[in-house]
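This briefing concerns the structure displayed below.

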Amino acid sequence: MLVLKIRRFVPENPIVTYGVYLKDNNPFALTLEPSKKRIPVGEYSCVRYSSKKYPDVWKIIVPNRTLILQHWGNFLKDTEGCILIGEKFIDLNLDGITDIGQSRSEPNNGFSELMAITKGLTEYKLIIEQAFIWLNSGLKQN
């Protein structure tokens, strides 16, 4: 089974939580989620999900929560507890909160990269962990 990781940046922000998506410890996308509703650190199953609003995305199976998706979006207002996936952090609307850019605007950007990596799968394992040190080679845990 494919195992992917989201490594979150510490110190935590009280409004928004930022992270990096990793495959084999190599970064391929960035993540953003609301801090008050962020998914706890741990291991989760992800399954394919599709609706009219979010066709062909991933649902994270989180105990005591429903409909936690991984999908495209740029702003904190684009999520109520789901993880947004993009390619860079940038304050797009100049409101002082760093947003996530290049989520789905072009092939091989953020969300599209996740979908390419998981193409043909119906399930994968997601590990969410904390990151404490930023190094040139990526994030490293203490």
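The points that follow are grouped by topic and describe a predicted model.

Of its 142 residues, 42% are buried. The average pLDDT of the chain is 88.

**Overall composition**

- Read from the N terminus, the elements of the protein chain follow the order β-β-β-β-β-β-β-β-β-α-β-β-β.
- The protein chain exposes about 7,700 Å², and carbon and sulfur atoms supply 52% of that area.
- Where contacts join residues at least 6 apart in sequence, 51% of them connect residues at least 24 apart.

**Strand pairing around β2**

- Strand β2 spans residues 16–23; seven of its eight residues are buried, so the strand is largely enclosed by the rest of the structure.
- β2 pairs with β1 in the antiparallel sense over five bridges, and within this pairing R8 has G19 of β2 as its bridge partner.
- β2 is also joined to β3, by eight bridges, and these two strands run antiparallel; here Y18 stands opposite L32 in β3.
- The hairpin of β2 and β3 has two residues between the strands, and D24 in this hairpin takes a positive phi near 55 degrees.

**Strand pairing around β4**

- β4 and β10 run antiparallel and are joined by six bridges.
- β4 pairs with β5 as well, in the antiparallel sense and over four bridges.

**Nonpolar cores**

- The largest nonpolar core has 25 residues, and those with the most contacts inside it are Y21, I39, I60, I85, L114, Y124 and L126.
- Two or more residues of this core come from each of β1 (3–9), β3 (26–34), β4 (42–49), β5, β6 (68–71), β7 (83–86), α1 (111–117) and β10.
- Another core, of eight residues, lies apart from the largest one; V16, L32, L84 and I100 are among its members.
- Beyond four places in sequence, Y124 touches M1, L2, L4, Y21, Y44, S45, C46, W58, Q70, L114 and T118.

**Aromatic pairs**

- A search of the whole structure finds six aromatic pairs.
- The pair of Y21 and F28 is tilted, because the ring planes stand at 35 degrees, with the ring centres 5.0 Å apart.
- Y21 counts as buried because its relative accessible area is 0%, and F28 counts as buried because its relative accessible area is 9%; the cut-off for burial is under 20%.
- W58 and Y124 form an edge-to-face pair, at 4.8 Å centre to centre and with 80 degrees between the planes.
- W58 lies in strand β5 (residues 57–60) and Y124 in strand β10 (residues 123–131), so their pair ties together parts that are 66 residues apart in sequence.
- Both W58 and Y124 are buried.
- Ring pairs also link F9, Y18 and F89 into a cluster.

- F28 is found in strand β3.
- With neighbours within four places in sequence left aside, F28 is in contact with L4, Y21, L22, K23, E87, E113, L114 and I117.
- One of these contacts, E87, is 59 residues from F28 along the chain, and the C-alpha atoms of the two residues are separated by 8.0 Å.

**Model confidence**

- A pLDDT of at least 70 is reached by 88% of the residues.
- Over residues 135–142 the pLDDT stays under 50.
- For residues 135–142 the model has 17 contacts beyond four places in sequence.

How values were computed
Residues numbered from 1 in each chain as written. Predicted model: local features only at pLDDT ≥ 70, side-chain atom pairs only at ≥ 80, totals over all residues. Heavy atoms only, no water. Phe/Tyr/Trp six-rings, centres within 6.5 Å; stacked < 30°, edge-to-face > 60°. Buried < 20%, exposed > 50% of the residue type's maximum accessible area, 1.4 Å probe, protein only. Contact = heavy atoms within 4.5 Å. Areas by Shrake-Rupley, 256 points an atom, 1.4 Å probe, with all protein chains shown as cover. Core = buried A, V, L, I, M, F, W, Y, C linked by side-chain atoms within 4.5 Å. Pairing = 2+ DSSP bridges. pLDDT = per-residue confidence, 0-100.
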